[in-house]
Protein chains: 2
Amino acid sequence: MQNPVTVEVTRGDYVESRHRGMAVVVDGAGKTVFSVGDVAAPVFPRSACKAMQALPLVESGAADAFGLTQRELALACSSHSGEEDHVATAAGMLAKAGRDLGALECGAHWSGHEKILIRQARTLDAPTALHNNCSGKHCGFICTCVHAGKNHAGYVHYDHPLQAEIRAVMEGLTEAKLGPDLCGTDGCSIPTYALPLQALAHGFAKMATGMSLSTTRAKASKRLMEACMAEPFFVAGTDRACTKAMQIAPGKIFAKTGAEGVFVAALPEQGLAMAVKCEDGATRAAECMIFSLLARFFEPESEASARLSALANRTMKNWNGVPVGVTRATEAFVRGAGAPLN
Amino acid sequence: MQNPVTVEVTRGDYVESRHRGMAVVVDGAGKTVFSVGDVAAPVFPRSACKAMQALPLVESGAADAFGLTQRELALACSSHSGEEDHVATAAGMLAKAGRDLGALECGAHWSGHEKILIRQARTLDAPTALHNNCSGKHCGFICTCVHAGKNHAGYVHYDHPLQAEIRAVMEGLTEAKLGPDLCGTDGCSIPTYALPLQALAHGFAKMATGMSLSTTRAKASKRLMEACMAEPFFVAGTDRACTKAMQIAPGKIFAKTGAEGVFVAALPEQGLAMAVKCEDGATRAAECMIFSLLARFFEPESEASARLSALANRTMKNWNGVPVGVTRATEAFVRGAGAPLN
């Protein structure tokens, strides 16, 4: 199946670049309410599924035992920018578990966001594992292991009990079979499993509604999503798409990006969740798609709809501030509403 | 016409992202020797055509009048990383013309390359127009205007005599009609004109061979390409694709990148030039395509071929240095050799 062009980037009046993609919106029962492209093809969710991976932290009682705050739970679901507050919060989580950054197995990297990188360059000799965008998730992993009395060494490996538990949680949510066949290694060294975009969206719709979940899992899902929506800065950071989406309609939008053009979002009050993947892995296209989709679930004249549409369809300016083109969702994408899955 | 998938990015054993693209190799007479995708569709060449835009600087006698060095001519054709030597060389060009950075109309930006940005952040309060990746080209423009006794103010605008001259030069080289219809504004504020990828490649094949050019233009073309090949650091910078390509086979490869997934190269000894465009604008795919194409024009067992292939097909490592996947040219792209234009 051919994925359609969903996002165009213009220069002057001419389309300069085109992105193809897939997108799907489902309800808690798994019913598709919008679909574009091949949403049955396996896709690596990458960091978009971090809230799923954080469920053992809450379900096991570790979050309560260590008294984790909303900010710390949000950080456990985050791909943060490595700002001071992110780093301090991650260090605090480790301290609560009696560990320090030596326990982290995610590796270190400078922030990928210009303003933050400039600040880091002026204040740090080098970044540590706490600055890794995944450090909050890894701190959550370590808290989970410590609380369970398990050795956390090697917690990033496929065969570690924690990864087996996460695999089982994700299989339960997505109803996809996860195993070594469609398994890759993520940027932070943990396993990532390719699964259909539709299954990924359905898993988040279950988390947003509690449908088909045990009481424990439904409560833990609600708690994590509410933490993210309450503390959106700790899910991403300054000027980041996830943070902006959740600030536009507080408590009504959950949003999480992943590498290589993946983005998921949920609308808990509406009982829906959505997932998009840009075929070529471009973040700009994934953001355009998810903001476009989110906008259509708010009243057409509402401020939320207008702000989401403005984030989806953006004017690009050059180094002199002169508008040179736009990034916009295509007609084919906008018309996709309710399109059958064929 | 549907552009084929030319580059794949894998994670584990699975393809995570796909890039579509176009590519063409032509000789000085305009004969196509390799073609993939819709190479007749108009494409903005962006910075890939800087060597064409620098021709008036040489043809007018300005380069000789100001005693411009090989480095300065290379910088006039560059998209540099904003390293100290680039900035100093740009400032030197302006000084030779009796101007300073106040004359530059390109705007300012931090380096887009992490290592350089970190150094800039530690040594600068803010970047100036000299740090703009296009500053060398703009210094060349100002030298051209000053030498001709023209007012350089507004030299970035479509109606300025310099841009009219550049338009005429590019029309002569590419045999494409350039005008306001397919005109956009580039990142540095000058006009950029969409033209067929095949025409772009043909223009560079003419520059590399001198075919169908006046003696003056043929000499100026040779001088600029030789300056770039002699001083590849001044065409891009540390760890950059253009620089590495030209260092692999000194004097045998000219290479120049452009934004939104464009890349051109020439093989002067072989009388060929090539141009690629990634449909979605990704630099990683453009680099894979141009390195793959360049490799096939060297002996299969040669060091140059091996090094070019290694740059085309790259292993990606995560933050712990663990290999997680590859970026590679597809079979469809590799087989494209001599494919008809259908």
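Which residue lies over the face of Tyr158(A), and at what distance from the ring centre? Keep that in mind for the second view. This is a predicted model, where local features need pLDDT of at least 70, side-chain atom pairs count only at pLDDT 80 or more, and totals for chains, interfaces and linings use all residues. Residues are numbered from 1 along each chain as its sequence is written, chains are lettered from A and ligands numbered from 1 in the order in which they are written, and side-chain values use heavy atoms, with hydrogens and water left out.

**View 1. Tyr14(A) meets Phe44(B) in an edge-to-face pair.** Rings of Phe, Tyr and Trp (its six-membered ring) pair if their centres lie within 6.5 Å; planes under 30 degrees apart are stacked, over 60 edge-to-face, and the rest tilted. That rule gives 12 aromatic pairs over all chains. Here the ring centres are 5.8 Å apart with the planes at 80°, so this one is edge-to-face. The pair crosses between chains: Tyr14(A) belongs to strand E2 (residues 14-27) of chain A, and Phe44(B) to the loop between strand E4 (42-43) and helix H1 (50-53) of chain B. Helices (H or I, at least four residues) and strands (E, at least two) are DSSP runs, numbered from the N terminus. Phe44(B) is buried, at a relative accessible area of 2%; buried means under 20%, exposed over 50%, and partly exposed in between (1.4 Å probe, protein chains only).

**View 2. Arg167(A) lies over the face of Tyr158(A).** There's the reply to our opening: Arg167(A), at 3.8 Å from the ring centre. Over in chain B, the charged end of Arg167(B) sits over the ring of Tyr158(B), 3.7 Å from its centre. To count, NZ of Lys or CZ of Arg must be within 6 Å of the ring centre and within 35 degrees of the ring normal.

**View 3. Helix H8 of chain B lines up its buried residues on one face.** H8(B) runs over residues 161-174. Among its buried residues are Leu162(B), Ile166(B), Arg167(B) and Met170(B). Just after H8(B), Glu175(B) takes a positive phi of about 60°.

Notes:
Expected span 1.5 Å × (residues − 1). Arc of directions from axis to C-beta.
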